[in-house]
Amino acid sequence: MTASPLKIVASLVFIAAIFAFFLHLQPAGETPPAITASPDRVFTLTTAMSDGHWVFVGKGGDIDGQINPSLQVAHGAVVQVNLVNGDGATHDIAVPAFDAKSAIIAGKNTSTSVVFRADEAGEHEYICTLPGHAAAGMKGRLSVGASTGPEQVHGVDVSQDPTMVGEPVGLRGRRALTFNLKTTERLGQLDDGTRYRYWTFDDKVPGPFLRARVGDRITVNLSNPEDSRQVHSVDFHAVTGPGGGAAVTQAAPGETESFTFTALKPGLYVYHCATPMVSQHIANGMYGLILIEPAAGLPDVDREFYVMQGELYTTHRRGHQGEQEFSLDKLLDEQPEYFVFNGAVNALSRTHRMEAEVGETVRIYFGVGGPNAASSFHVIGEIFDQVYDQGSLTGTPLTDVQTTLVAPGGATVVEFKVDYPGKYMLVDHALSRVEKGLVGLLHVKGPADAGIFHPQGAS
């Protein structure tokens, strides 16, 4: 049977259209890109639980057994990363910098892979994109080409050690005290491979924890070094006087300004820079806490910690490698890229270690620098025995509290006895903020009491 001329013409038009389509995909005058038959580098990772956290574990070669191993590849290399599910939960793997993301796998021993061309030199992240998984530990580093390496992008450590709480005032008479504060501007470590130009009191975020007694006569000397680029000041919420001291401490570079006040009211109070625009100075790290103890002091506890929450507003999204810069637009829109405890991501989960023993009583002096977001402070797996709400030390404390609300520019004191060993996470119960860096760990050691907690199947 002979095809009709109309059908023959239609077939030729169709073939020509397909040919034209592929010609359209290839711009004129350009050589088609070389097709790589096999990847230049292949890595295999398995998912696992390690020390209570989800992680990637290297399999084979020089990454075998490493947790969240650093992957090194040449610039322009085609890279394949295989992922094997080793824990049975739902996971994937992605390299956001190259818009590469695998399929989701669920069930033990299932697998997937992602292939991409590493055509941008530098330091990049690979992560599990399932909500909460990267924050729980599923992230590592991909180094492409002649990268300077993580050690070259480290800033100074500005994160405040939570154990730096000073000596309790206790039962004593009134005294004359002097607090010397220095304002500094430092290129500090914000996250792995990420720096930020902080403004600080005494090179730390938050600034030093200050302690005094009600009735003490306190002199504050605020020094702003000559190499500073900004005017700075300090406003103490514990001060009765113009601007909490800010009206008389607007110190230009190279100047020192001072004032003296009497601590009239006991409590836990925030202090911060109050130079316009005030919110920018606070967001960049200029906040801290001052404790004015009652005349009889505070009850003894076994452990005391100093923790403050703050926000950072940066031009790039969280995870950007290199130096982050301040974004005025995001500050005014109240859209922070980072939430942090004690100044930096990982400050209270890796850089500094909070520890206690079973049977000990823990006291946390907690404040919110802000400048904008309130905190629903919570310790996962614990109940606060006592909460000195809003930092008030003279009223009757709240008891048996799960989560306590702290306003920006506010503070609280929480106490609890630790009864069972393990890792206890400090969070803001606005839990999406964990994804932006807001998490700390309290490590509790000691014997386990099965009468308090007993995992099913445990011997």
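Colleague: Why is Phe416 called buried?

Modeller: The relative accessible area of Phe416 is 0%. Buried means under 20%, exposed over 50% and partly exposed in between, with a 1.4 Å probe and protein chains only. Phe416 is therefore buried at 0%. The structure is a predicted model, in which local features need pLDDT of at least 70 and side-chain atom pairs count only at pLDDT 80 or more, while totals for chains, interfaces and linings use all residues. Residues are numbered from 1 along each chain as its sequence is written, and side-chain values use heavy atoms, with hydrogens and water left out.

Colleague: Where does Phe416 lie, and which residues does Phe416 touch?

Modeller: Phe416 belongs to strand β27, residues 411–417. Strands (E, at least two residues) and helices (H or I, at least four) are DSSP runs, numbered from the N terminus. Contact means heavy atoms within 4.5 Å. With residues up to four places away in sequence not counted, the contacts of Phe416 include Glu360, Val379, Ile383, Phe384 and Leu442.

Colleague: Why does Asn85 count as buried?

Modeller: Asn85 has 0% relative accessibility and so counts as buried. Asn85 sits in the loop between β4 and β5 (94–95). Apart from neighbours within four places in sequence, Asn85 is in contact with residues including Thr47, His91, Ile105 and Lys108.

Colleague: What makes strand β23 largely enclosed by the rest of the structure?

Modeller: Strand β23 (residues 375–379) has five residues, and four of these are buried, so β23 is largely enclosed. Two strands pair if DSSP finds at least two bridges between them. Four bridges join β23 to β26 (residues 403–406) in the antiparallel sense, with Ser376 opposite Leu405. Three bridges join β23 to β28 (residues 422–428), again antiparallel, and Phe377 has Asp428 as its bridge partner.

Colleague: How many residues of strand β9 are buried?

Modeller: Six of the six residues of β9 (139–144) are buried. Lys139, Arg141 and Ser143 point one way, whereas Gly140, Leu142 and Val144 point the other way. As for pairing, β9 is joined to β3 (residues 71–73) in the parallel sense by three bridges, with Val73 opposite Val144. Six bridges link β9 to β8 (residues 122–127) in the antiparallel sense, with Glu125 opposite Arg141.

Colleague: Why do β15 and β19 stand at the edges?

Modeller: Strands β15 (255–262) and β19 (322–324) each have a single partner strand, so one side of each is left without a neighbour in the sheet. The open sheet has five strands in the order β15-β13-β10-β11-β19, with mixed pairing. Its neighbouring strands are turned by 30° against each other on average, direction ignored; axes are lines fitted to C-alpha atoms, for helices over the stretch in contact, and angles run from 0 to 180 degrees between N-to-C directions. Within this sheet, β10 (residues 176–191) and β11 (residues 194–201) run antiparallel over eight bridges.

Colleague: How do you know that strands β1 and β4 pair?

Modeller: DSSP finds six bridges between β1 (residues 41–50) and β4 (residues 78–84), which run parallel. Val42 stands opposite Gln80. Both strands belong to an open sheet of four strands in the order β2-β1-β4-β7.

Colleague: What lines the largest cavity?

Modeller: Leu71, Val81, Ile93, Val95, Phe116, Tyr126 and Leu142 line the largest cavity. On a 1 Å grid over the protein atoms alone, a cavity is a set of points where a 1.4 Å probe fits but cannot get out, and a pocket is an open set with protein on both sides within 12 Å along at least five of seven lines; lining residues have an atom within 4 Å of a point. The space in this cavity is about 40 Å³, where points are joined across faces, edges and corners and a volume is the space filled by probe spheres set on them. By class, the lining has seven nonpolar, no polar and no charged residues. Nonpolar covers Ala, Val, Leu, Ile, Met, Phe, Trp, Tyr, Cys and Pro; charged covers Asp, Glu, Lys and Arg; the others, Gly among them, are polar.

Colleague: How do the residues lining the second largest pocket divide, and what are the classes?

Modeller: They divide into five nonpolar, two polar and two charged. Among them are Gly381, Glu382, Asp419, Tyr420 and Phe453. The second largest pocket holds about 180 Å³ of space.
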